[in-house]
Amino acid sequence: MMFTQAELSEIKTLLTTENKIVILTHYNPDGDAIGSSLGLKHYLKAKGIFAEVVVPNDFPKFLKWMPEAKKALVAEYKRKVAFDLINEADVIFCLDFNSPSRIGLLGDWLTKAMGKKILIDHHQQPEPFDYVYSDTVIPATCQMIYHFIEAMGDENLVNKDIAECLYTGIMTDTGGFRFRSTSATTHRIIANLIENGADPAMITSNTWDTNTVSRLHLLALILGRIEVVKDGKVAVLYLTREELKEYGFQKGDTEGFVNYGLSILGVKMAAFFMEDLYEDFIKISFRSKDDMDVNQFSRKYFSGGGHINAAGGKSNESLHETIETFKGKIEGEESL
């Protein structure tokens with residue numbers, strides 16, 4: 001639900017040129033995380049208010065074209081600066097995550113910080129913050145930032161920089177406007193963003209037409225060995241650490257790979273397993289169609305979560321053991 005009018009009035013009193021404002025988003029930032037953070041930053045800038053964007057770790061190059069993306073402070077590179085910003089902040093916006101545990105090394109700093117914490121997020125089961133705008137029906141936090149700007153009475157401030165950032169986040173988190181959470185309201189907002197300077201062709205090209213040779217090699221590898229289980233309803237994809245190294249993996253290279261599994265005729269769920277490049281755990285991405293709730297599935301079996309049709313998880317077993325565990329759990333899944 002959107003902030004109440006009383007909460008909005010209080011937030012307005014916090015958003016001043018005198019207060020130090022920090023914008024945080026989740027570990028391994030994606031298009032919605034970066035788009036919402038920068039969109040909010042440019043909105044505050046349009047009001048004459050400076051805000052600093054802090055991300056836990058670096059993000060893919062295909063998101064760094066957005067206005068002022070390269071000015072975001074990457075905490076893994078500048079820990080002391082990031083700690084001081086969070087510790088000294090009067091206001092901390094928390095975007096696209098529902099718990100301090102989702103922001104890596106920043107989580108403990110956020111919990112101990114004295115500044116007012118404002119959550120804007122669309123993931124399920126948010127933890128308590130000073131102000132909470134949570135709506136799991138909305139497909140992207142970027143759309144929520146637009147609604148927040150509207151609620152603040154500042155829709156007229158939406159400019160080209162804001163529009164480009166919010167469009168990018170909505171586009172990426174809706175899979176190019178094809179996920180079922182994409183609503184008529186989403187499209188109306190997209191139309192408004194285009195009218196205010198967002199160029200769909202340019203944004204799509206800058207974000208998605210950026211394949212590297214390493215990415216295409218990795219994609220060819222997994223497409224050549226997709227396994228379909230559970231009577232053709234579940235697709236399994238995987239990459240080993242050795243394969244990532246062999247093909248020169250870069251951050252963001254595997255973005256969207258899981259969706260290829262979901263594109264197979266008859267498949268209702270896809271799972272992509274990838275060994276972490278440096279640590280001994282398996283990163284898992286789940287996607288689904290219809291009523292198959294991968295959020296609950298991931299929470300129950302793989303210490304993860306997310307949305308009904310898109311979630312993530314992890315495993316401390318080996319890659320082979322993790323995939324076998326998954327196959328066993330999915331065989332007993334009655335919703336498929």
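**Entry 1: strands**

I began with strand 10 (residues 282–288) and strand 12 (residues 310–315), which pair in the antiparallel sense over six bridges. For my notes, two strands pair if DSSP finds at least two bridges between them. Helices (H or I, at least four residues) and strands (E, at least two) are DSSP runs, numbered from the N terminus.

This is a predicted model, where local features need pLDDT of at least 70 and side-chain atom pairs count only at pLDDT 80 or more, while totals for chains, interfaces and linings use all residues. Residues are numbered from 1 along each chain as its sequence is written, and side-chain values use heavy atoms, with hydrogens and water left out.

Which residue of strand 12 is the bridge partner of Arg 287? I found Ala 310 there.

Next I looked up strand 11 (residues 305–306), which pairs with strand 12 in the antiparallel sense over two bridges. Gly 306 stands opposite Ala 311 of strand 12. Three residues form the link in the hairpin that joins strand 11 to strand 12.

**Entry 2: helix 2 with helix 6**

I turned to helix 2 (residues 31–46) and helix 6 (residues 160–173), which pack at an angle of about 160° with their axes 8 Å apart. Axes are lines fitted to C-alpha atoms, for helices over the stretch in contact, and angles run from 0 to 180 degrees between N-to-C directions.

On the helix 2 side, the contact (heavy atoms within 4.5 Å) includes Gly 31, Leu 38 and His 42; on the helix 6 side, Ile 162, Cys 165 and Thr 172 are among the residues. By class I noted five nonpolar, seven polar and three charged residues. Here Ala, Val, Leu, Ile, Met, Phe, Trp, Tyr, Cys and Pro count as nonpolar, Asp, Glu, Lys and Arg as charged, and the others, Gly among them, as polar.

**Entry 3: helix 2 with helix 5**

How are helix 2 and helix 5 (residues 141–151) packed, and at what angle? I read about 20°, with the axes 8 Å apart. That makes helix 2 roughly parallel to helix 5. Leu 40 and Tyr 43 of helix 2 take part in the contact, as do Ile 145 and Phe 148 of helix 5, among others.

**Entry 4: Glu 88**

Last, I found Glu 88 in helix 3 (residues 79–88). Glu 88 and Glu 324 are 236 residues apart in sequence and 47 Å apart in space, C-alpha to C-alpha.

Methods
Parallel < 35°, antiparallel > 145°, perpendicular 65-115°, else oblique.
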